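Please keep the model in view while reading.

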Number of protein chains: 2
Amino acid sequence: MNFTDNCRLVKEASYSLGILTNEQRDEILLRFADKLKANVDYILENNNKDLEHAKEIGLKTSMMDRLALSEERIISMADAIVDVVKLPSPVGIVLDEYDAKSGIHIKKVSVPIGVVGIIYEARPNVTSDCISLCIKSGNAIVLKGGKEAINSNMAIVSLAKEVLRELGHDENYVYLIEDTTRESTNAMMKLNGIIDVLIPRGGKGLIDSVVKNATVPVIETGAGNCHVFVDESADFDMALNIIDNAKTSRPSVCNAAETLLVHRNIYKEFLPLVKERLDKKNVELRGCEDTCKVLTGITEATEEDFFTEYNDLILAVKVVEDVNEAVKHIRKHSTNHSEAIITKDTANAEYFLNAIDSAAVYVNASTRFTDGGEFMLGAEIGISTQKLHARGPMGLRELTSYKYVVTGNGEIR
Amino acid sequence: MNFTDNCRLVKEASYSLGILTNEQRDEILLRFADKLKANVDYILENNNKDLEHAKEIGLKTSMMDRLALSEERIISMADAIVDVVKLPSPVGIVLDEYDAKSGIHIKKVSVPIGVVGIIYEARPNVTSDCISLCIKSGNAIVLKGGKEAINSNMAIVSLAKEVLRELGHDENYVYLIEDTTRESTNAMMKLNGIIDVLIPRGGKGLIDSVVKNATVPVIETGAGNCHVFVDESADFDMALNIIDNAKTSRPSVCNAAETLLVHRNIYKEFLPLVKERLDKKNVELRGCEDTCKVLTGITEATEEDFFTEYNDLILAVKVVEDVNEAVKHIRKHSTNHSEAIITKDTANAEYFLNAIDSAAVYVNASTRFTDGGEFMLGAEIGISTQKLHARGPMGLRELTSYKYVVTGNGEIR
């Protein structure tokens with residue numbers, strides 16, 4: 001049986017998963033959490049196979065870190081599942097209810113999407129995270145993980161399937177594509193009518209490839225070329241704290257700042273303070289012409305720098321005339337993830353919030369808050385940077401669709 | 001300047017359109033409605049060019065009907081615009097608002113999607129309908145109409161642009177791709193970062209081609225292989241009325257019924273009544289083996305019939321064991337648009353409503369109600385048959401996205 005046939009079984013299974021009660025779904029997840037904790041050795045054994053293979057092929061250290069599991073990491077994977085169980089069910093919620101003129105009664109009710117496909121890279125904890133979010137929201141899941149983590153993923157998924165069998169459910173609620181070739185990814189992206197939505201989680205290359213090749217609807221995630229604009233009225237201490245936090249607290253993530261824009265009336269005074277502050281964290285600055293005049297010795301930024309998501313301790317810096325030029329720069333270069341203005345001027349703040357077309361727009365706070373946990377969504381399956389369906393951090397609610405349930409007494413049109 | 005550059009201008013223009021007030025958008029639309037009424041002759045003149053060309057190339061009569069405008073049709077196009085103006089604005093609505101644990105204040109606010117691309121066929125009224133819905137919801141619009149209607153569409157769009165210029169707005173809020181080749185459609189479908197969503201409106205061929213080729217997010221619309229299931233406890237009169245209405249009131253539309261499923265315990269008694277009723281409307285029945293035994297002389301239905309959206313006075317008929325088999329048949333053959341059960345059994349009704357995964361599910365009412373007007377959405381830009389973003393009839397609300405507006409006092413993470 002090839003994997004397309006297996007995915008058809010997942011689709012078939014999704015119907016019964018969709019009509020389980022919340023209690024039944026929670027029971028599956030609690031048992032799955034226990035199963036992970038009871039099988040730490042089994043998971044580590046398989047993770048070791050991946051790690052050994054990774055060493056052989058010379059995988060870089062940052063990837064090795066993402067791939068490596070430990071007892072502690074497995075316990076926290078299990079704890080994360082229990083946290084999801086505690087959240088309210090996102091399905092069966094009546095979003096709207098009314099009688100139409102014709103006499104029919106209309107209820108708009110949230111329902112699972114059906115089958116969610118996740119394409120991801122080397123982190124095995126994504127496997128258990130996504131399984132818990134999908135099961136909780138009544139969705140069956142097709143996982144396509146990176147080949148680096150295949151043994152770890154197979155171990156985790158086999159435990160989930162064991163739980164489903166033990167509880168008398170269809171084990172096809174969860175399915176891992178074990179064929180780790182690019183061909184199977186390409187085929188998966190074209191399973192219209194079987195997979196209802198694809199969520200790629202990973203680097204820009206992966207996401208661009210899914211957007212380009214998929215015929216199944218995609219939710220684009222993750223790319224974050226985020227900006228902080230320091231207006232002339234900004235409190236310098238606040239601005240420095242926010243820049244420091246947005247750039248250095250976790251430079252590898254998508255909500256980290258990549259470009260600093262500074263109002264012309266303050267840049268001569270302010271930029272040396274920025275350099276002093278960020279030098280302590282070993283941040284490399286790349287500046288526009290004006291910036292380089294004030295901060296002698298730094299690299300000059302190219303136009304490409306302003307389009308780059310460094311995910312590293314590098315910050316591009318540009319002097320702008322005012323909030324209008326800041327907005328124009330951001331519109332041109334941003335990936336529409338998160339942008340902040342630091343200002344005391346409420347009119348400029350208002351203008352910035354309205355004019356910037358990003359998933360999250362901030363006044364006087366760090367871009368680092370764009371996160372399911374910080375936004376109190378309870379959990380996060382990714383951060384959408386497209387405008388269709390979901391935007392910004394996606395939690396359980398974003399894993400649902402809705403349907404119209406109509407009851408009548410023989411009404412015709 | 002090629003059309004990609006023109007679409008970039010539309011993207012640029014979308015920013016200022018997005019921050020107009022509702023009053024400004026309404027002013028544009030009211031003047032557009034007046035402009036259409038004041039230019040009936042100009043529109044008809046251009047529509048005549050299309051009609052003459054259509055005659056020359058031998059366009060079929062149903063297409064000619066869709067293409068042809070009249071003074072009356074133009075007036076009703078203008079009236080439809082005024083109806084849209086009367087609706088509340090869907091943007092700027094606070095969907096959620098709260099303080100997060102970190103102290104930041106979060107507001108989730110509805111915003112325009114940005115640039116909406118519409119790919120459609122021969123009906124020129126779609127042009128003014130879509131312009132009004134997009135402008136009202138703050139979206140710029142790129143239109144790609146069928147080549148049959150190019151002169152009509154150019155006339156209508158030039159009037160919209162005239163209004164925008166007269167009121168001092170950017171005329172690029174509205175743009176028609178005048179190059180009617182397939183190449184331009186293909187290029188349009190790949191304008192990621194410029195067009196935010198594509199909505200194809202037309203036949204299955206058009207929609208399938210957009211789903212297959214677009215890299216821009218698509219909302220799939222329109223395909224409707226709708227089912228009516230008559231349970232053993234159904235009121236026969238009610239069932240006959242609903243079947244008649246669902247099949248014959250407007251057979252060419254997507255919410256018309258295409259397949260009738262009948263419970264085994266009643267088919268011998270019920271199907272002759274169906275034939276008697278539908279014979280009066282010249283409906284051709286195509287039946288399963290059991291159906292053909294009762295209704296002698298009708299054509300036998302093939303498996304392909306059960307997958308076909310006839311859009312015509314043809315109805316496929318199948319006898320099923322019970323509600324379970326009805327659900328299974330629908331899951332396999334439906335396009336997930338609209339399905340109905342006719343029953344007095346509340347348990348079966350409940351099961352059907354939960355188990356059927358379609359945009360609209362009905363108990364004891366006609367599938368023909370799946371419509372923006374009937375659902376009281378005020379207007380309709382299409383009927384989504386996918387589960388992402390919007391499902392079923394899409395009105396103004398479905399032409400919006402949202403963003404998170406975050407205000408702080410220097411919070412860092």
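**Aromatic pairs and a helix contact**

Phe270(B) has a relative accessibility of 0% and therefore counts as buried. The model in which this residue is seen is a predicted one. Phe236(B) counts as buried as well, because its relative accessibility of 18% falls under the 20% limit.

Across all chains, six aromatic pairs are counted. In one of them, the ring centres of Phe375(A) and Tyr404(B) lie 4.8 Å apart and the planes stand at 55°, so the pair is tilted. This pair crosses between chains: Phe375(A) belongs to the loop between strands E13 (360–365) and E14 (382–384) of chain A, whereas Tyr404(B) belongs to strand E16 (residues 400–411) of chain B. Both Phe375(A) and Tyr404(B) are buried. The rings of Phe236(B) and Phe270(B) also form a tilted pair, because their planes are at 55°, with centres 4.8 Å apart. Here distant parts of the chain are linked, since Phe236(B) sits in helix H10 (residues 236–248) and Phe270(B) in helix H11 (residues 267–279) of chain B, 34 residues apart.

Two packed helices are described by the angle and the distance between their axes. In chain B, the axes of helix H6 (residues 125–136) and helix H7 (residues 150–166) come within 9 Å and cross at roughly 30°. H6(B) is therefore roughly parallel to H7(B), and the crossing is right-handed. At the contact, Thr127(B), Ser128(B) and Ile131(B) of H6(B) meet Asn153(B), Ile156(B), Val157(B) and Ala160(B) of H7(B). The residues of this contact comprise four nonpolar, three polar and no charged.

Definitions and conventions
Residues numbered from 1 in each chain as written. Chains lettered and ligands numbered in written order. Predicted model: local features only at pLDDT ≥ 70, side-chain atom pairs only at ≥ 80, totals over all residues. Heavy atoms only, no water. Axes fitted to C-alpha atoms, helices over the stretch in contact; angles between N-to-C directions. Helix = DSSP H or I, 4+ residues; strand = E, 2+ residues; numbered from the N terminus. Parallel < 35°, antiparallel > 145°, perpendicular 65-115°, else oblique. Left-handed = near helix turned anticlockwise from the far one by under 90°. Contact = heavy atoms within 4.5 Å. Nonpolar A, V, L, I, M, F, W, Y, C, P; charged D, E, K, R; others polar. Phe/Tyr/Trp six-rings, centres within 6.5 Å; stacked < 30°, edge-to-face > 60°. Buried < 20%, exposed > 50% of the residue type's maximum accessible area, 1.4 Å probe, protein only.
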